[in-house]
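Biologist: I would like a close look at one part of this model. Please go through it step by step.

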Amino acid sequence: MLAAYAQYWRINVLTLLEYRANFIMWFAFTIVYHAVALGALYVTMRQFPSMNGWTFREMFFLYALWMTGHELHNTFFFQVVSVPDFVREGRFDRFLVRPLDALFQVLIVPQQLIPDGLVLALATLGVALAVAGLHVTALLLLVLALVVCGGALIDLGISLTIATLSFWFVRVDTLRWAVMSLEQDFTRYPISIYARGVRLVLAFVLPFAFMNYFPATFLLAKQETGLGLNPAVGLLTPAIGVAWAGVAYAFWQVGLRRYQGTGS
Amino acid sequence: MPPIIETHDLRKVFRTVRRRPGALGALRTLFSREYEERVAVSRVTMAIEPGELVGYIGPNGAGKSTTIKMLTGILVPTSGDVTVAGVVPYAARGRNARNIGVVFGQRSQLYWDLPLVESFELLRAIYAIPRDRYRRNLDAFVDLLAMADFLQTPVRQLSLGQRMRGDFAAAMLHDPKIVYLDEPTIGLDVVAKEAIRTFIARINSERGTTIVLTTHDLADVERLCRRIILIDRGAIIYDGDVERIKNEYGRFRTLVVHFAQPVAQPQLEGAELVCVEGSTARLRFDRTRERAERLIRQASERYALEDVSIEEPDLESIIRRIYIEGYDSFPEEAST
């Protein structure tokens with residue numbers, strides 16, 4: 001299993017070298033994408049010096065925290081989004097006649113990927129720490145690492161749940177796009193600016209708030225969580241991530257059993 | 001030795017939500033609990049011995065793929081038993097996977113953007129094949145399938161024939177005891193087909209690999225298999241020698257006569273005129289009632305002949321008749 005994983009990364013790097021132009025364009029796109037998002041945030045915040053008590057510097061940190069978890073997910077779990085394609089094209093059968101776990105095999109389908117987005121995100125997070133004026137200690141780094149991993153698992157839980165739905169429904173693209181754009185929009189600002197219903201959804205239904213808002217509230221020593229919760233809930237992110245991904249994996253197993261029952 | 005593949009009363013029923021027509025119907029379908037049941041396979045009982053090369057054939061929708069999917073562990077049967085190399089495939093997918101190799105002719109398992117050899121490397125890691133065994137198998141397959149020239153070529157640039165050879169090697173690198181071949185020659189030209197058939201025959205005879213071949217090309221079966229299992233509408237209708245089905249159900253031969261001069265309506269007693277084309281006529285006769293030698297003598301007495309030949313029915317025409325007329329409609333034998 002480990003050998004297969006190593007082989008997968010070796011192949012990723014190899015194909016990347018072969019398709020260098022594609023990689024450079026993709027990397028440029030990633031930079032521009034995040035730069036535009038941060039630029040928009042900057043422009044907005046020039047109009048309002050603070051948003052519900054959050055400054056641009058703090059919101060930069062908020063963004064960087066989400067970005068790092070998200071890119072960590074993209075680096076290791078990106079192929080989950082291909083499951084609906086595999087199912088629709090009949091390629092999923094192949095994973096069931098090989099000796100490794102089907103989901104693991106999905107994750108190691110070569111895809112010309114290196115952790116460029118993750119490297120970029122870590123750099124951004126480093127800058128954001130300085131901008132937000134956080135005092136860097138070993139403990140802070142440990143908390144950050146756990147929060148980022150938890151954030152990636154929250155993302156995984158969501159992408160895996162949507163992928164699993166493709167065992168029942170042929171097309172899930174629309175749902176995926178809807179959830180992705182929700183994630184991008186609602187992780188950019190403190191959730192306290194939204195209506196209470198939205199806040200509840202972001203905390204307990206699609207727990208994006210645990211990817212950045214709650215941990216940032218805690219780390220930046222803010223008092224207001226938007227839901228009257230103790231800011232220390234931000235430390236629950238890893239647990240939420242594990243639970244969320246765990247539930248999604250259980251759901252995946254149910255979907256897999258259905259697939260083995262119907263073959264469609 | 002016990003059979004390597006054994007099924008008993010294997011049955012698969014698909015349950016699908018009943019669809020209603022129209023937009024409102026589609027909405028109701030979404031919440032409907034009404035199901036339609038479709039029996040894809042029923043009462044499939046078979047036993048295949050180690051080292052056999054069996055053709056599993058039937059028309060589209062007969063249940064071939066469903067059976068293969070149950071044998072490979074992709075599908076869970078609705079009822080009945082299946083054991084493959086001592087393992088229940090759907091219950092122990094991982095263990096079963098090590099015993100089997102699968103080639104889906106229409107769905108490659110090779111990685112499109114990678115040089116062919118990289119797909120093999122990834123499979124080596126997935127199956128945890130020891131390096132020396134991998135090396136030995138790869139060398140053997142490169143040699144047998146003449147793959148040396150395109151081992152480093154990205155798969156998307158390969159011709160269909162080359163890709164198929166790659167897929168064969170990919171399915172067998174881990175020394176499977178059983179190989180399922182699903183339409184392995186589909187879309188190939190005659191040369192490529194022959195190369196693949198030769199390879200299948202060699203793998204079977206030299207390595208003793210048990211092979212189950214599903215195909216629409218009955219020339220594959222004729223060339224490779226001694227035994228066929230015929231499935232129609234979800235049930236096995238024949239299981240036995242290819243030769244036997246040909247002898248018993250292919251009573252008719254065709255006498256092809258080339259005349260020196262065109263003959264409009266050539267007549268021979270004991271034979272039935274099929275068609276006339278220029279100076280060539282085709283006549284059908286029942287070999288259990290008429291001897292070819294007598295017909296030829298008759299023809300040469302009546303007409304000036306240039307050449308005479310006899311065509312045996314190929315498997316394809318026999319199977320076609322069985323598909324259309326049903327197995328039971330044949331006169332000699334009602335069932336097996």
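The part in question is chain B, taken from its interface with chain A to its two open sheets.

Modeller: This is a predicted model, so local features need pLDDT of at least 70 and side-chain atom pairs count only at pLDDT 80 or more, while totals for chains, interfaces and linings use all residues. Residues are numbered from 1 along each chain as its sequence is written, chains are lettered from A and ligands numbered from 1 in the order in which they are written, and side-chain values use heavy atoms, with hydrogens and water left out.

Start with the interface. Contact means heavy atoms within 4.5 Å. By that rule, 31 residues of chain B meet 31 residues of chain A. The two chains bury about 2700 Å² between them. Buried area is the accessible area (1.4 Å probe) that two parts lose on being put together, summed over both. Carbon and sulfur atoms carry 55% of it. On the side of chain A, A:Arg94, A:Arg98 and A:Gln260 lose the most area to chain B. Together they make up 24% of what that side buries.

Next, the specific pairs. Three salt bridges cross the interface of chain A and chain B. A salt bridge here is a side-chain nitrogen of Lys or Arg within 4 Å of a carboxyl oxygen of Asp or Glu. One joins B:Lys69 to A:Asp93, with 3.5 Å between the closest N and O atoms.

What does chain B touch on chain A? Helices α1 (2–18), α5 (93–96) and α12 (237–262) of chain A each supply at least two residues of that side. Helices (H or I, at least four residues) and strands (E, at least two) are DSSP runs, numbered from the N terminus. The largest share, nine residues, comes from α1(A).

Now the sheets of chain B. Strands count as paired if DSSP finds at least two bridges between them. An open three-stranded sheet runs β2-β1-β4 (chain B), with antiparallel pairing. Its edges are β2 (35–48) and β4 (79–84) of chain B. Five bridges tie β1 (5–17) of chain B to β4(B). In one of them, B:Thr7 is partnered by B:Val82. Helix α2 (64–72) of chain B packs on this sheet and touches β1, β2 and β4 of chain B. The helix runs at about 115° to β1(B). Axes are lines fitted to C-alpha atoms, for helices over the stretch in contact, and angles run from 0 to 180 degrees between N-to-C directions.

The other open sheet has six strands, in the order β5-β6-β7-β3-β8-β9 (chain B), and mixed pairing. β5 (100–104) and β9 (235–241) of chain B each have a single partner strand, so one side of each lacks a neighbour in the sheet. Adjacent strands of this sheet are turned by 15° against each other on average, direction ignored. β5(B) runs parallel to β6 (178–182) of chain B, and five bridges join them. B:Ile100 has B:Ile178 as its bridge partner in β6(B). Helix α7 (190–207) of chain B lies across β3 (53–57), β6 and β7 (210–214) of chain B, at about 150° to β7(B). Helix α9 (242–249) of chain B lies across β8 (227–232) and β9 of chain B, at about 100° to β9(B).
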